[in-house]
Amino acid sequence: DIVARPASELALRTSNPGTSREDHGGVARNVAEVIGIFAQGDPACAVRFFSAVGEDARADAIRHRLVASGVKPSLSAERGANTASYLALMDGNNDLHAAVADMDVLDRIPCPPEECLSRASCLVLDANPPLETLAEIIERFRNGGEGSEHRPKTVIFEPTSVAKAVKAAEAGLLKGVHVMTPNRDEALGMAVALGLPTDGTIEDVAAKLLDEMCSDKDHHGHCVATILMTDGKEGVMLCQKTRTKWFRPNSNVTICNATAAGDSFLGGFIAWALYENFYSQSLPNNNGKGISDIFNPESHELLDTAVEFGIQCAEATIGYEGTISADILKPLIKDATED
């Protein structure tokens with residue numbers, strides 16, 4: 001990610017004095033790094049990251065950063081390609097004004113090996129790979145039997161952008177997804193693409209989208225389909241078949257860079273879902289039910305706490321000038337454990 005911000009209000013069609021900063025980004029990469037920071041190499045929460053990169057210095061830096069964060073990278077080096085980059089232009093309020101994405105190399109992302117898909121209990125996808133690749137990964141993951149330690153498999157989808165969210169919905173990918181994390185615009189875009197009504201409330205829209213998602217049930221017979229819709233200053237809306245709940249953020253947070261806020265939310269949410277209490281020697285799902293068990297109606301408190309922790313991670317990240325920082329996120333482990 002390359003983030004440029006003006007020194008004052010953004011003036012269009014001319015040069016603006018300001019600053020720029022380059023840092024590692026990418027939706028799935030950010031999510032993997034956040035989980036890795038909290039897992040810190042614990043085999044109970046082993047994180048693998050799959051992508052395609054160029055044969056360049058940026059690719060080498062990504063590998064090093066992921067390993068340092070506790071993530072095992074599997075990066076396919078593509079000859080003649082550039083490692084993906086994202087150039088974001090912020091406005092005078094430090095919010096995103098426009099962005100340019102050089103993502104052609106992501107069309108070459110290969111499907112992870114069968115051995116990895118069969119052992120994993122949780123698959124997190126962003127919408128950057130080709131639709132055909134996403135469909136293949138989901139199908140092979142879901143048909144690969146139960147995950148590690150016989151835990152049910154959970155597919156989590158981050159729509160990434162309105163355009164990519166619409167294409168994913170039109171391709172029918174949501175039918176293989178258990179958990180989805182769109183923002184408001186992405187949710188509305190998918191609803192329109194699927195011919196769903198959008199003249200009601202956003203809660204109504206999310207409820208209709210649930211019907212388009214995976215109908216798998218947990219050990220209790222409850223549908224696990226869940227939408228965690230991010231909506232900027234409004235917070236996060238949790239929508240399930242049995243309830244809808246809003247989680248409001250801290251209004252006193254100073255925004256320095258909001259580009260990775262959603263990714264930090266999702267990474268923190270997953271980390272908490274796997275570790276009800278960090279480093280307590282026992283996972284919340286050590287009864288063998290896996291991360292999917294957090295979404296049943298009897299786990300409201302655990303699910304709500306995971307959402308709240310994800311919001312804390314997002315708030316910590318937007319107060320940081322870069323994208324993801326272990327120094328910013330690690331103190332949250334101590335605070336969460338003490339609470």
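## Close-up views of a predicted model

**View 1. A salt bridge joins Arg58 and Glu22.** The side chains of these two residues, Arg58 and Glu22, come together at 3.0 Å, N to O. A salt bridge here is a side-chain nitrogen of Lys or Arg within 4 Å of a carboxyl oxygen of Asp or Glu. In the whole structure, a search finds 14 salt bridges. The model is predicted: local features need pLDDT of at least 70, side-chain atom pairs count only at pLDDT 80 or more, and totals for chains, interfaces and linings use all residues. Residues are numbered from 1 along each chain as its sequence is written, and side-chain values use heavy atoms, with hydrogens and water left out.

**View 2. An open sheet has four strands in the order β2-β1-β5-β6.** Its pairing is mixed; two strands pair if DSSP finds at least two bridges between them. β2 (18-22) and β6 (96-102) are the edge strands, each pairing on one side only. From one strand to the next, the twist averages 15°. Five bridges connect strand β1 (residues 2-6) with β2 in the antiparallel sense. Arg5 stands opposite Thr19 in β2.

**View 3. Strands β3 and β4 run parallel.** Strand β3 (residues 47-54) is joined to strand β4 (residues 71-78) by eight bridges. Opposite Arg48 stands Lys72 in β4. Together with helix α2 (residues 57-68), β3 and β4 make a right-handed β-α-β unit. Right-handed means that, with the strands pointing away from the viewer, the path from the first strand over the helix to the second runs clockwise.

**View 4. A six-stranded open sheet has the order β7-β8-β9-β10-β11-β12.** The pairing is mixed. β7 (122-126) and β12 (244-247) stand at the edges with a single partner strand each, so one side of each is left without a neighbour in the sheet. Strand β11 (residues 236-239) runs antiparallel to β12, with four bridges between them. The bridge partner of Val236 in β12 is Phe247. Helix α4 (residues 131-142) packs on the sheet, touching β7 and β8 (154-158); contact means heavy atoms within 4.5 Å. The direction of α4 makes about 175° with that of β7. Axes are lines fitted to C-alpha atoms, for helices over the stretch in contact, and angles run from 0 to 180 degrees between N-to-C directions. Helix α7 (residues 202-210) also packs on the sheet, touching β10 (226-230), β11 and β12, and its direction makes about 45° with that of β11.

**View 5. Helices α8 and α9 pack at an angle of about 145°.** The axes of α8 (residues 261-274) and α9 (residues 300-318) are 7 Å apart. The contact residues include Phe265, Phe269 and Trp272 in α8, and Leu302, Phe309 and Ile318 in α9. The contact of α8 with α9 has 14 nonpolar residues, five polar and no charged. Ala, Val, Leu, Ile, Met, Phe, Trp, Tyr, Cys and Pro count as nonpolar, Asp, Glu, Lys and Arg as charged, and the others, Gly among them, as polar.

Notes: Helix = DSSP H or I, 4+ residues; strand = E, 2+ residues; numbered from the N terminus.
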